[in-house]
Amino acid sequence: MKETPLYQAHLRRGGRMVEFAGYALPLQYTSIKEEHLAVRRGAGVFDVSHMGEFFIRGEEALAFLQWVTANDVGRLRVGRAQYSMLPNEKGGVVDDIYLYRLGEGEYLMVVNAANIAKDWAHLKALAQGFRVELLDRSEATALLALQGPKAEEVLQALTDQDLSQRKKNDVFRAEVAGKEALLARTGYTGEDGFELFLAPEDAEAVFEALLEGGAVPCGLGARDTLRLEAGFPLYGHELTDDTNPLCTPWAWVVKREKAFLGKEAMLNAPCGERLIGLVLETGIPREGYPVLSGEERVGRVTSGGFSPLLEKGIALAYVAEGAEGPFFVEVRGRKVPASLSPLPFVPLK
């Protein structure tokens, strides 16, 4: 397993280490529920240095990114970020990404850790014919995610930047605890927060400064329960190479007015299923559990778990288009009633 720059810090802090996307990362330090609630009520910090960072620059960087992503990069001003997707030729999703515009003709694309090699090969192949330079800095970049309603307060004590003037999806350079960083007001928890891109040798000092400032160290377990409560997709679960994004709650990402790879296939593909949110009265749903309408199997759970805020099991599930409730989830052979829920599952600021 690969180690992030914070590997030794995780061990010292008592992190329970597991393998994820080829990296040794903490699943939890104390308990998933405790860390989850720390982010919802205060501030928590995650090591997400396993994520991939691609820098794209050149005179045709915009044209290239317009072709390879589903969102409208032309709307992205310098110092701003947007959520997007990489479509494939058949209208599916290679990956979901975050794109940051750092300057004129200069962009940063953050991709999922498990997809770094796949995404890199995909983008390099499509870059042929564009006057654009691609640079993979995944191994040379550490990334921390500080999340929660007190995230601004914790970070403000460590930087001379006025964070109150920074809006969601702003990206800017700053000094944090005496170290140079690229900061983005983005995250994957549904809470306010910042992601900090750092040189690997600076990551531990900044991590410790955030903890000393009141943030709680959090692991992969809480990261997953937080994103699930927020109704966010996880690639490989809600989104895949075969998923038409127009058939999901994230169809807003796709800007039909522009040309992009796989557009016609995406627009013409029928939606055979739809994604729904479910809340269970008892039991905890897990990936792959059958979803029933009456006695008929109509779908499957793609992500499921226990919601620390609702204190109930929650799930994202694909069901056949036209399927009607009441719905049930088969949990270890038991047919458990499941109520439809809007997304996100819990009110978020």
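## Briefing: a disulfide, a sheet and salt bridges

Cys 247 is buried, with a relative accessible area of 14%; buried means under 20% relative accessible area, exposed means over 50%, and partly exposed lies in between (1.4 Å probe, protein chains only). The model is predicted, so local features need pLDDT of at least 70 and side-chain atom pairs count only at pLDDT 80 or more, while totals for chains, interfaces and linings use all residues. Residues are numbered from 1 along each chain as its sequence is written, and side-chain values use heavy atoms, with hydrogens and water left out. Helices (H or I, at least four residues) and strands (E, at least two) are DSSP runs, numbered from the N terminus.

**The disulfide and the cysteines**

- A disulfide is a pair of cysteine sulfur atoms within 2.5 Å, and by this rule the count is 1.
- The disulfide is formed by Cys 247 and Cys 271, whose sulfur atoms are 1.8 Å apart.
- The torsion about the S-S bond of Cys 247 and Cys 271 is about -80°, so this disulfide is left-handed.
- The pair links distant parts of the chain, 24 residues apart: Cys 247 is in the loop between α7 (220-229) and α8 (263-268), and Cys 271 is in the loop between α8 and β15 (273-280).
- Cys 271 counts as partly exposed, at 34% relative accessibility.
- Cys 218 counts as buried, at 2% relative accessibility.

- Strands of a sheet pair through backbone hydrogen bonds, either parallel or antiparallel.
- Two strands are taken as paired if DSSP finds at least two bridges between them.
- Strand β4 (residues 44-47) runs parallel to β14 and is joined to β14 by 3 bridges.
- Within this pair of strands, Val 45 stands opposite Pro 217 in β14.

- Strand β6 (residues 80-87) is mostly covered, with 7 of its 8 residues buried.
- β6 runs antiparallel to strand β7 (residues 93-103), and 8 bridges join the two.
- Ala 81 has Tyr 100 in β7 as its bridge partner.
- The two strands form a hairpin with 5 residues between them, and Gly 91 in the turn has a positive phi of about 85°.
- In helix α3 (residues 61-68), the buried residues are Ala 61, Phe 64, Leu 65, Gln 66 and Val 68.
- The elements that cover these buried residues of α3 include β5 (52-57), β6, β7, β8 (106-111), α4 (116-126) and β9 (133-136).

**Salt bridges**

- A salt bridge is a side-chain nitrogen of Lys or Arg within 4 Å of a carboxyl oxygen of Asp or Glu, and the structure holds 24 of them.
- One of them joins the side chains of Glu 204 and Arg 12 (2.2 Å, N to O).
- Glu 204 lies in helix α6 and Arg 12 in helix α1 (residues 7-12), so this pair ties together parts that are 192 residues apart in sequence.
- Glu 204 is partly exposed, with a relative accessible area of 27%, and Arg 12 counts as exposed at 54% relative accessibility.
- Glu 208 forms a salt bridge with Arg 13, with the closest N and O atoms 2.4 Å apart.
- Glu 208 lies in helix α6 and Arg 13 in the loop between α1 and β2 (16-20), so this pair ties together parts that are 195 residues apart in sequence.
- Glu 208 is buried, with a relative accessible area of 15%, and Arg 13 counts as partly exposed at 38% relative accessibility.
- Arg 185 forms a salt bridge with Glu 152, the closest N and O atoms being 2.7 Å apart.
- Arg 185 lies in the loop between β12 and β13 and Glu 152 in helix α5 (residues 151-156), so this pair ties together parts that are 33 residues apart in sequence.
- Arg 185 is buried, with a relative accessible area of 7%, and Glu 152 counts as partly exposed at 25% relative accessibility.

Note on methods:
Contact = heavy atoms within 4.5 Å.
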